[in-house]
Amino acid sequence: MCGIIAYVGRREVRPILLDGLGRLEYRGYDSAGIAVLTDSGLEVQKKAGRIADLSRHVGKPKKPSHQGISHTRWATHGEPSDVNAHPHLDRSGKLALVHNGVIENYQPLKRALTEQGHTFHSATDTEVLAHLIGKHYAEAPASSNGRRLIDAVRSALHDVKGTYGIAVMHEDYPGVIIGARRGSPLVLGIGEGEMFLSSDATALLPYTQKVVYLKDFDVAEIKAGQFAVETLTSGDTDYEIKELDFAPEAAERGDYEHFMLKEIHEQPHTIENAVRGRLNQEEASAQLGGLNMTPAQLRDIERVVVLGCGTALHAGMIGAHMLENEACVAAEADFASEFRFKNRPLQRNTVFFAVSQSGETADTLGAMREARRKGFRALGICNNVGSTIARESDGGVYMHAGPEIGVAATKSFVSQVAIFGLLTLCLGRMRYMSASTGREIIQAYEKLPNQINRILEQEAAIAAIAQKYSSAKSMLFLGRQYNYPVALEAALKMKEISYIHAAGFPAAELKHGVIALIDSQTPSVCICPEDSLHEKNISTIQEVKARKGPVIAVATEGDTEIKHHADDLIFVPRTVEMLQPILNILPLQLLAYHAAVALGRDVDKPRNLAKSVTVE
Ligand code: AGP
């Protein structure tokens, strides 16, 4: 889950690579490097640390160059250091490679190459791949009609197990860059007289809107004005040129201090984008054309299993609750990383939903493939058009939330919950949900953007609460029913960016052990809407207060009782119960954000994390 970007064209390459790496830095940020080809050969510069450190290291270019490959790293093999940073070179020192993914069989390959006299400088799996390609290149007949480099890449990749998105250059092949992918994303960008390779389309926005999402086992050759795509096993393959549907500004931070804060403030539009063209007033229902299922097939669904990781799983847990509670469809959500190795007996008409903002999370992709291998229909809920999950699923729903750059997911959670609401409306209205309930839910959707704005207007007050508790070593988040996954999500946000140890629990679990953690230094956030469980939530607050635990309550506007119980209060507007999680998470995203700011954390690039987890 590193970021790679490559360029060949007429422009000076270094500024393009450094700018591109800056846009990919959320994918991994422990070290970085570039390799460019000048008329005196390869020039490699790499450094542990951020892109800014590399940029200073690169400094003023000595020799012009119009082609190069580059990388920003999230370490899997070998600690973050100058020597382990990419690019890596082969034995001849004339071939350079950058790689996103994991070469699972690099140890035996390394041993075999060492026996053949290769010497390795780094602890990485990637350097082994560079040497392997270099070996195939060296052994290839010189006169292979200009295909020596691409064929060396292809034959080397036949020996490799694992995942890769790579870009390769060789001194003997000025003007040519080879790219290949299996399991890790790689996008080809088509410019005027220039070509790009990138791990993510958003990094290409300032340069082109025209991209090709390479498929697994695709091998691409790019040159200044042309490109070709073939597969690992056979010649040319089909590809589709797609137009990116968001403007470059969408991937800019604008006037916001952090991408996370920008994305929190985008959520009124996130809702509008998620429901646009999908609410059917006349039938008091929702239509999701991308599911590729007939009404009869939707009617016959016996069970829904939602698969996801992290925030996506939390949204899926709320979705499963909605489907059972409001649409009478048996449903569950499971950790994708756990599900894929289970052997679950499931009804024939079970439909899977793989939920993933990036559409590239390896565990979710693996679990979806496992469900499809067993003959189940697997649908995707993704934000990235052209992502692997979106392309390999049997259909699905695009979130249209625009690029999410902040590593901590915010608007994607709200978008996913909103989409599960649409699915619930659609399937519910095919079963026992009345038209009046359907209309009530549609009206609730229409009010959501303004209601979200009303919460965003309380940011200063929420920031003050965050400041007050930011020195806590540990925080508890408590919620019931729909709000238990909200508690999990809020705790994840707090952990991810403030590094405060935070955990979410079903509120009633407090008495069964968690309450031992309560003391005057451990604040509890109680999600306490004025719903059918209000009294029970008040009792939970009293249990915490009885152990001198400070309580922050997220309550419903107009709730006059709660102020007698909690130390700090955040009021949110009321909506239908199944959509209330969308409003309840908003102040808790801001709470985590402002706690992290108060602690001076790097909010957009929290330690040890990366935006898209493409390794298992
Ligand atoms: C959430 O803030 C994290 N970035 C992480 O848990 C994330 O939700 C998870 O890795 C799933 O990512 P996806 O939605 O892109 O699959």
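Two residues are in contact when heavy atoms of theirs lie within 4.5 Å. The structure described here is a predicted model. By this criterion, and leaving aside neighbours within four places in sequence, glutamate 360 is in contact with Pro185, Ser387, Thr388, Ile389, Ser612, Val613 and Thr614. Glutamate 360 sits in the loop between strand S19 (350-356) and helix H11 (362-373). Glutamate 360 is buried yet has no salt bridge. The nearest side chain of opposite charge belongs to arginine 181, 4.5 Å away. A salt bridge requires a nitrogen and a carboxyl oxygen within 4 Å, so a pair must meet that limit to be counted. The side chain of glutamate 360 does make a polar contact, at 2.6 Å, with the side chain of threonine 388.

Val613, one of the contacts of glutamate 360, also belongs to the lining of the largest pocket. This pocket has a volume of about 760 Å³. Its lining comprises 37 residues. Of these, Cys309, Gly310, Thr311, Leu492 and Val613 lie nearest the centre. Several elements each supply at least two lining residues: helix H9 (310-327), strand S18 (330-335), S19, H11, helix H13 (411-428), helix H16 (483-498) and strand S23 (501-506). The largest share, six residues, comes from H9.

Helix H16 also holds valine 486. Valine 486 is buried, because its relative accessible area is 0%. Leaving aside neighbours within four places in sequence, valine 486 is in contact with Ile318, Ile527, Pro581, Asn584, Ile585 and Leu588. The C-alpha atoms of valine 486 and alanine 315 are separated by 8.3 Å, although the two residues are 171 residues apart along the chain.

The largest cavity has a volume of about 60 Å³. Cys2, Arg73, Trp74, Thr76, His77, His86, His99, Gly101, Asp125 and Thr126 line this cavity.

Across the whole structure, 40 salt bridges are found. One of them joins aspartate 172 and lysine 94, with the closest N and O atoms 3.1 Å apart. This pair links distant parts of the chain, 78 residues apart. Aspartate 172 lies in the loop between strand S7 (164-170) and strand S8 (177-182). Lysine 94 lies in the loop between strand S5 (88-89) and strand S6 (95-100). Aspartate 172 is partly exposed, with a relative accessible area of 37%. Lysine 94 is partly exposed too, at 31%.

A further salt bridge is formed by the side chains of arginine 303 and glutamate 332, at 2.6 Å from N to O. The pair links strand S17 (residues 303-308), which holds arginine 303, with strand S18, which holds glutamate 332. The two residues are 29 residues apart. Both arginine 303 and glutamate 332 are buried.

Aspartate 568 pairs with lysine 468 in another salt bridge, the closest N and O atoms being 2.8 Å apart. Aspartate 568 is buried, with a relative accessible area of 13%, whereas lysine 468 is partly exposed, at 48%. Elsewhere, salt bridges that share partners join Arg147, Asp151, Arg154 and Glu230 into one network.

Key. Residues numbered from 1 in each chain as written. Predicted model: local features only at pLDDT ≥ 70, side-chain atom pairs only at ≥ 80, totals over all residues. Heavy atoms only, no water. Helix = DSSP H or I, 4+ residues; strand = E, 2+ residues; numbered from the N terminus. Buried < 20%, exposed > 50% of the residue type's maximum accessible area, 1.4 Å probe, protein only. Lys, Arg positive; Asp, Glu negative; His and termini not counted. Polar contact = N/O pair within 3.5 Å; in protein donor to acceptor, adjacent residues only side chain to side chain. 1 Å grid on protein atoms, 1.4 Å probe; cavity = no way out; pocket = protein on both sides within 12 Å on 5 of 7 lines; lining within 4 Å. Points joined across faces, edges and corners; volume = space filled by probe spheres on them.
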